[in-house]
Amino acid sequence: MIIEIIAPSGFCYGLKRAIELLKQKHAEGSSLYYLYPLLNNEKELQKIIDEFSLIKLPRIEAARDIKNGLVIFPAHGAKHDDVAFLKKHQIKFFELTCPFVANNYQRLLKETRKKYFLGKKDHMETKVAMSFGPDIIPLYLDVSHVGSLDGKNAIIYLQTTLNKEEVDDFVKKHFDTPPEISYVSICPEPERRIKEALEASSRNDLILVLGSKSSSNANKLLSSLKEKRHALLLSSEDELKFLPLRKYSRILLTSGTSTSEAEINEVNRKLEALVD
Ligand code: SF4
């Protein structure tokens, strides 16, 4: 059996950067606290919690008990009210915000036209964008909207992990007069993975997408590939034993942006051992 690992795979640029910053903060010796999951992959999150001895805060108010340490915010940003609370109480914090996401927020904040933010309702980026103020009108991709929306002299900013097709479909369905759409808000990383995996899919007869079942970009990658080939989402190498692997002569491995290279290598090793 031939196993092909597609590039790019493993953590995206924003998460690699966040982990490097975490390493630096950990080496400085202060205790690190977090409020929100640092990434959307339970297994990888647990590894990070263990490696950096991260301590979960049940709510922002609990940060008042921190004696020597700082609160870490994830790659998808920090909510305005959380930051305001920490500043008010002079509690140290550090933002791991991906530069791509930060840039999107900066443009959103400077925008003077009527502005919408389109994202998944429970996604961290949507929550952060909504915390910036009531002038940002929320639009949720995964919640039905009733009636038509006004796009005159308006612009839509986007959760960075959406893709152009789903945004265009949403706008076509809900706006009589289409607003401007900030397509530059879309991070190219998930789309690049879909493109590379689609190209490689024709030379493989099984595609394994590594990622969490709750990760929107891993699910998007899976659904794009499923149209072409037999593709499955694998959240742990333990699931390999349930697959009829000997049926396949070529397997393609790819991943969502919240799965590390170490995890992909681990699955690769396990695959080789199972078919040996
Ligand atoms: S998916 Fe893109 S926007 Fe999100 S953290 Fe990774 S690089 Fe940044």
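View 1. Asn 153 sits in the loop between strand S7 (136-140) and S8. Helices (H or I, at least four residues) and strands (E, at least two) are DSSP runs, numbered from the N terminus. The model is predicted: local features need pLDDT of at least 70, side-chain atom pairs count only at pLDDT 80 or more, and totals for chains, interfaces and linings use all residues. Residue numbers start from 1 along each chain as its sequence is written. Asn 153 is not a glycine, yet its phi is positive, about 50°. It is exposed, because 10 other C-beta atoms lie within 10 Å. The classes count other C-beta atoms within 10 Å of a residue's own, with C-beta atoms placed from the backbone: buried at 20 or more, exposed at 12 or fewer, partly exposed in between. Ser 53 lies in the loop between helix H2 (42-52) and strand S3 (55-56). Its phi is also positive, near 50°, in a residue other than glycine. With 9 other C-beta atoms within 10 Å, Ser 53 is exposed. Most residues other than glycine have a negative phi, and most peptide bonds are trans.

**View 2. The cis peptide bond from Ala 7 to Pro 8.** Omega of this bond, from Ala 7 to Pro 8, is near 0°. Pro 8 is in the loop between strand S1 (2-5) and H1.

**View 3. The largest nonpolar core, with 38 residues.** Such a core is a set of buried Ala, Val, Leu, Ile, Met, Phe, Trp, Tyr and Cys residues joined through C-beta atoms within 7 Å. Val 71, Ile 72, Phe 117, Leu 118, Ile 156 and Leu 158 touch the most other members. Elements that each supply at least two residues include helix H1 (13-27), strand S4 (69-73), strand S6 (114-119) and strand S8 (154-158). Domain 2 (13-98) and domain 3 (100-185) each give at least three residues to this core. Domain bounds come from an automatic or database domain assignment. A second, separate core has 19 residues, including Ala 197, Leu 206, Leu 225 and Leu 234.

View 4. Contact here puts two C-beta atoms, placed from the backbone, within 7 Å. Not counting residues up to four places away in sequence, Val 71 touches Tyr 33, Tyr 34, Leu 35, Leu 57, Ala 63, Leu 86, Ile 91 and Phe 93. Leu 96 is in the loop between S5 and H4. It is buried, with 23 other C-beta atoms within 10 Å. Under the exclusion of residues up to four places away in sequence, Leu 96 touches Ala 18, Leu 21, Leu 22, Ile 72, Phe 73, Pro 74 and Ala 75.

**View 5. Helices H7 and H8.** The axes of H7 (residues 188-201) and H8 (residues 216-226) come within 10 Å and cross at roughly 30°. That makes H7 roughly parallel to H8. Axes are lines fitted to C-alpha atoms, for helices over the stretch in contact, and angles run from 0 to 180 degrees between N-to-C directions. Angles under 35 degrees count as roughly parallel, over 145 as roughly antiparallel, 65 to 115 as roughly perpendicular and the rest as oblique. Pro 190, Arg 193, Ile 194, Ala 197, Leu 198 and Ser 201 in H7 meet Asn 217, Lys 220, Leu 221, Ser 224 and Leu 225 in H8.
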